[in-house]
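I would ask you to keep the sequence and the structure in view while I speak.

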There are 4 protein chains.
Amino acid sequence: MIVKMKDGTTEASLNAFKQFLKDKGFETKNASSGETIVLGIIGDTKSLDESQLYTFDDVYDVIRIQSPFKQASRTFKKDDTKIAIKDDIVIGGESSVLMAGPCSVENPEQMDTVAKFLSKKGVKILRGGAYKPRTSPYTFQGLGLEGLKLLKETGDRYHMAVVSEIPSVDLLETFEQYVDIIQIGARNMQNFHLLKALGRTDKPILLKRGLASTIEEWLMSAEYIINAGNPNVILMERGIRTFEPYTRNTLDLSAVLAVKERSHLPVLVDPSHASGKWQMIESLSKAALAVGADGLMVEVHHNPQEALSDGAQSLKLDTFETAYDAWVSLSKTLGRPLQ
Amino acid sequence: MIVKMKDGTTEASLNAFKQFLKDKGFETKNASSGETIVLGIIGDTKSLDESQLYTFDDVYDVIRIQSPFKQASRTFKKDDTKIAIKDDIVIGGESSVLMAGPCSVENPEQMDTVAKFLSKKGVKILRGGAYKPRTSPYTFQGLGLEGLKLLKETGDRYHMAVVSEIPSVDLLETFEQYVDIIQIGARNMQNFHLLKALGRTDKPILLKRGLASTIEEWLMSAEYIINAGNPNVILMERGIRTFEPYTRNTLDLSAVLAVKERSHLPVLVDPSHASGKWQMIESLSKAALAVGADGLMVEVHHNPQEALSDGAQSLKLDTFETAYDAWVSLSKTLGRPLQ
Amino acid sequence: MIVKMKDGTTEASLNAFKQFLKDKGFETKNASSGETIVLGIIGDTKSLDESQLYTFDDVYDVIRIQSPFKQASRTFKKDDTKIAIKDDIVIGGESSVLMAGPCSVENPEQMDTVAKFLSKKGVKILRGGAYKPRTSPYTFQGLGLEGLKLLKETGDRYHMAVVSEIPSVDLLETFEQYVDIIQIGARNMQNFHLLKALGRTDKPILLKRGLASTIEEWLMSAEYIINAGNPNVILMERGIRTFEPYTRNTLDLSAVLAVKERSHLPVLVDPSHASGKWQMIESLSKAALAVGADGLMVEVHHNPQEALSDGAQSLKLDTFETAYDAWVSLSKTLGRPLQ
Amino acid sequence: MIVKMKDGTTEASLNAFKQFLKDKGFETKNASSGETIVLGIIGDTKSLDESQLYTFDDVYDVIRIQSPFKQASRTFKKDDTKIAIKDDIVIGGESSVLMAGPCSVENPEQMDTVAKFLSKKGVKILRGGAYKPRTSPYTFQGLGLEGLKLLKETGDRYHMAVVSEIPSVDLLETFEQYVDIIQIGARNMQNFHLLKALGRTDKPILLKRGLASTIEEWLMSAEYIINAGNPNVILMERGIRTFEPYTRNTLDLSAVLAVKERSHLPVLVDPSHASGKWQMIESLSKAALAVGADGLMVEVHHNPQEALSDGAQSLKLDTFETAYDAWVSLSKTLGRPLQ
């Protein structure tokens, strides 16, 4: 940690500050330049609260040098983390992966139609929301437990792994029973109470980036889960909130590269939620593969006009097919074939 | 709801779209101008999902005309909502209110020192966090239940109402037992699972604005709580995330005016979390009072250098005293004396 | 244009508003739903100022239905605009294009080394800044006219077209003399005085997106140039400002798709300025090609450690070579070979 | 400047980096902590380009410790800068100031009506745009030179100083002839070509904050003007671009406090452009005064329904009168009476 003092800081004031640090077990090094007093704080500052340092009137700026996350960092673990799902799926490995399915689980016929189609094409992971976070209380809130059961039944029928979003810690046991991957939605990315609880399960966690979260905060949330005992964290970029109204959010593909540099965790991309427009999904997915994402999650519905949520961002079966074939071909060219 | 069709939409395509709406029970009016085909959809469109309409290839734009929130709206209820806490406090009434106290409940001595001082000055609502949402798992996470108990004991001793943030729905009964006002933190503003549960309590809810939430989304979250049965919602602006790094967040005082226009709910301002700098609290609070906020929440600590969280944004007892006297004086001039 | 009136608008007030519109030559259609009064304004509202309508106390919301840009729109011109540079370059055609070169023109040796290398690889357009917009007055501001001359000489020597950024309208004649493409920098995207002047030249204009500009504003700036007489506008996405500090800006690749849908103009991508990190350029460029951009602009320097500006985002000759070969290969697979 | 090296940096690599710095005249101090190698660079780093340092593969992070602006800083000049306009106006002094007038100069009758009214109330500075930066080329672009002349004539008639926005450097002499204060609009805040030219005039410069500019960038733009020879810079906060659509921009009142801490320059607030809503101007202006701004700029029009630009954000004469009286009263209470 580096501390810059204000101009005109007296020696007495500086000494009081150094003594405060000493009492907490930290030594300081002098890194001053000209009249600007700069201190380097030596020691493990991970648990030192910058906020306390700012309470000193003469502290101008506090700059953290150590990375605030540790177990999620590339420094801690050099090799890419690979996460096995069922027998035949590996996320973060030599192949890229595809998760697909409807936004919401709606009824048996819908699930069967979509899953049958997807599994025939070769998709191995089925998504479907049962507890839907909706901005309005007047819209469809999901089928709840019934939806989870239907998702699992459908997945079992077509030998697909299933993933669904958990809304709250009180449903953890239920999710452990029904899904293969537990998803943390963007709005829950900093629900620390939930993150800590997920350390107790051994199910892989799909952690979406919060829609206004920095990459560092995202990795800190991964750190919460790992630190609580579950190292199987899969990251997912799904667009961030900006001033641009044309797309629902702005897909941040640079984030894939940033995560790859700073962390060993796999990172997928969800172009459906990012753009909110099915017309963009094929192309944005190509871009995600080209930038080096470990895989994709896309929404597919056999009849989006009657979808109970997010129809506008769902591919139909035929548009999915065209897109899928293009992704398979591109992913081979790029050297990481879609699983 | 207004729908603009793409240029070149055929009559057949238009008719198919109209039939789709008719089947759902909606009539349409023609609001076209020149060659641009525009339809007004007639009926209660609150439950109509824009997303479904976008699945039609010829739909260019869908514009919602009806407000998506109802019970939280000024249209639904003209008069300002007043919320009574204990016998002698009214939020949203003729006086403005002040909530003050430390960021975190730390120990009996701290709580007693701060509460004693505040109550002597006339502050009637004591804040203190027991379950702290912290970005890092390596920093102080709050005393939990012990903290809640300590907060209540201290409040009782000095006849102050108490407010604290609830982290998750599984702790609702505990919070009902120990606090007078249940706070929803910024990161939980769209935790819909929790919002729905809070409809079941009759404790007033202090709903902080999410740090990247629009005013409409914030009011939609209030709508969730009201719709679930609890009309006692107090809003709190606490800064939004922008590109500016100087302050932790950017305090959006225009939001106070926007809420006052569109809703009947009271709205307070938290300059401590917005700025992250104790040096700004006195002045930003003055601005909040001047713009018409119903009150303030500020952090106060007798020894910020040893505060276990957010010391940099805490007023000391003496700086609080100076600021408080200025607020009391200004609030009188403005016609809404601090309670 | 659609206008929603406030609840409780009286007939007298509504009539006064309609009369106001009538006096300006606009008819209205009734698109009301239930108690909500909604009017469609009929006629060419492009020159009608929404702001005037809001001066009526009973106007709640004004929604523009007509696109504010016309000549830049896909409706106005269905086919993609192709822009020829010199004899053998077409931007927006069947091939994708590459502009490369140093951030700043520094000296003859630098220009010759870089241009010789690039032209051997097949690059046909050389970039180089002569008038540099720098945040700090204490950093290198560019060689000015001398830089422009050097750029042209170098381009001529290697049969490359050249592009450079114009800082101000008073230098227009100079730029017409020395460059093949005149670049408008992000900070000048809404310098309307300059945009209007550029309508008078027949040089193609490379219009960078402002770093906090919406796609609509960007297209409106293109509209300024076209409307002033110059239809040869090339758009360039270069990252937008968000809260994320890891990259200098956030590259918005969805914008490429949005532009392609709404406009006929070609759109290129500049990953160097977007990310600020040379390590990201190869991958982000692949993503840009995969999403469908008409080409790229990247920074290349033979010795970035001594570059007078933006060394951190410049590829070296060897890293450029590796990246370039990958782009050539990918672009063939995608069906739009790099020219 | 502080540099953090990557983990695993070899001694040879570190030495090469140190040698590079040495060759440029900089010494380094060791501020390492544990295994993390940290260097402090000693010397005047204002002209050292961080970007060059990042070209070294082993450099992980470069952190600037010295403020990038100097002459605009509070360190350089402790006392508040006071700027005299004509004989009887001081900006940044013991009184707060008010600039008021229409968005655009439209015609003699309009200017006379508004100026007569304002001057009678005691307003001493008249604003009016002659060259209007408009998003659309199809809307009113201002009267140009004729507008400037009309502004000056009107100002002279009522003994008011006048302020207007300059669009481009080629009009500098014209502006020197007709206005007392030259305004740089938000979109030109980083038009460095213009900023440098303004160093040559002795007219005070009113520098609006760019709508997506950080406070540091804003102060750097002030630094450009001061460094070029003109120390009379007045800053103006006018809202920043965020994701919130309710107001046109988000007024950032914390910026007033930030500027006061870091700089000696006066800072005013423009609530009209920030909010885009006349209904908010009275209250936001109160907040601006309460937070400590040196003054206000507000838009006033005698007939906003016929205003040629920005009618929605203009106060009418009667609403201005009410607001003005409230500001006069509040400013006295706050100890800085409106001039």
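This is a predicted model: local features need pLDDT of at least 70, side-chain atom pairs count only at pLDDT 80 or more; totals for chains, interfaces and linings use all residues.

The domain assignment divides chain A into domain 1, residues 2–63, and domain 2, residues 83–333. Between the C-alpha centres of these two domains of chain A there is a distance of 44 Å.

Let us turn to the pair formed by chain B and chain A. How can chain B be laid on chain A? A turn of 180° with a shift of 0.0 Å along the axis does so, and the RMSD is 0.0 Å. The two copies use the same surface, since 100% of the contact residues of chain B recur in chain A.

In this contact, 54 residues of chain B meet 54 residues of chain A. The size of an interface is often expressed as the accessible area that is lost when the parts come together. For chain B and chain A, the area buried between them is about 4600 Å², with 48% of it on carbon and sulfur atoms. On the side of chain B, the residues that lose the most area to chain A are B:T55, B:Y138 and B:Q305, which together account for 15% of what that side buries.

As to specific interactions, six salt bridges are found across the interface of chain B and chain A. One salt bridge joins B:K24 to A:E306, with 3.1 Å between the closest N and O atoms. The count of residue pairs in polar contact between chain B and chain A is 28.

Which elements of chain B give two or more residues to the side that touches chain A? They are α2 (50–53), α6 (192–198) and α7 (215–227) of chain B. Of the elements, α7(B) gives the most to that side, with five residues. By residue class, the side of chain B that touches chain A comprises 19 nonpolar, 20 polar and 15 charged residues.

I now move to chain C and chain D. Chain C is superposed on chain D by a rotation of 180° with 0.0 Å of shift along its axis, at an RMSD of 0.0 Å. The two copies are thus related as by a two-fold rotation axis. Of the interface residues of chain C, 98% are also interface residues in chain D, so these copies meet through the same surface.

Here the contact takes 54 residues from chain C and 53 residues from chain D. Chain C and chain D bury about 4500 Å² between them, and 48% of that area lies on carbon and sulfur atoms. C:T55, C:Y138 and C:Q305 supply 16% of the area that chain C buries against chain D, more than any other three residues.

How many salt bridges are counted between chain C and chain D? The count is six. A salt bridge links C:E217 with D:R241, the closest N and O atoms being 2.6 Å apart. Polar contacts between chain C and chain D number 28 residue pairs.

On the side of chain C that touches chain D, the elements giving two or more residues are α2 (50–54), α6 (192–198) and α7 (215–227) of chain C. The most comes from α7(C), with five residues. That side of chain C divides into 19 nonpolar, 20 polar and 15 charged residues.

Thank you for your attention.

Terms used: Residues are numbered from 1 along each chain as its sequence is written. Chains are lettered from A and ligands numbered from 1 in the order in which they are written. Side-chain values use heavy atoms; hydrogens and water are left out. Domain bounds come from an automatic or database domain assignment. Copies are superposed by least squares on the C-alpha atoms of residues with pLDDT of at least 70 in both. Contact means heavy atoms within 4.5 Å. Buried area is the accessible area (1.4 Å probe) that two parts lose on being put together, summed over both. A salt bridge is a side-chain nitrogen of Lys or Arg within 4 Å of a carboxyl oxygen of Asp or Glu. A polar contact is a pair of N or O atoms within 3.5 Å; within protein, one must be able to donate a hydrogen and the other to accept it, and residues adjacent in sequence count only if both atoms are side-chain atoms. Helices (H or I, at least four residues) and strands (E, at least two) are DSSP runs, numbered from the N terminus. Ala, Val, Leu, Ile, Met, Phe, Trp, Tyr, Cys and Pro count as nonpolar, Asp, Glu, Lys and Arg as charged, and the others, Gly among them, as polar.
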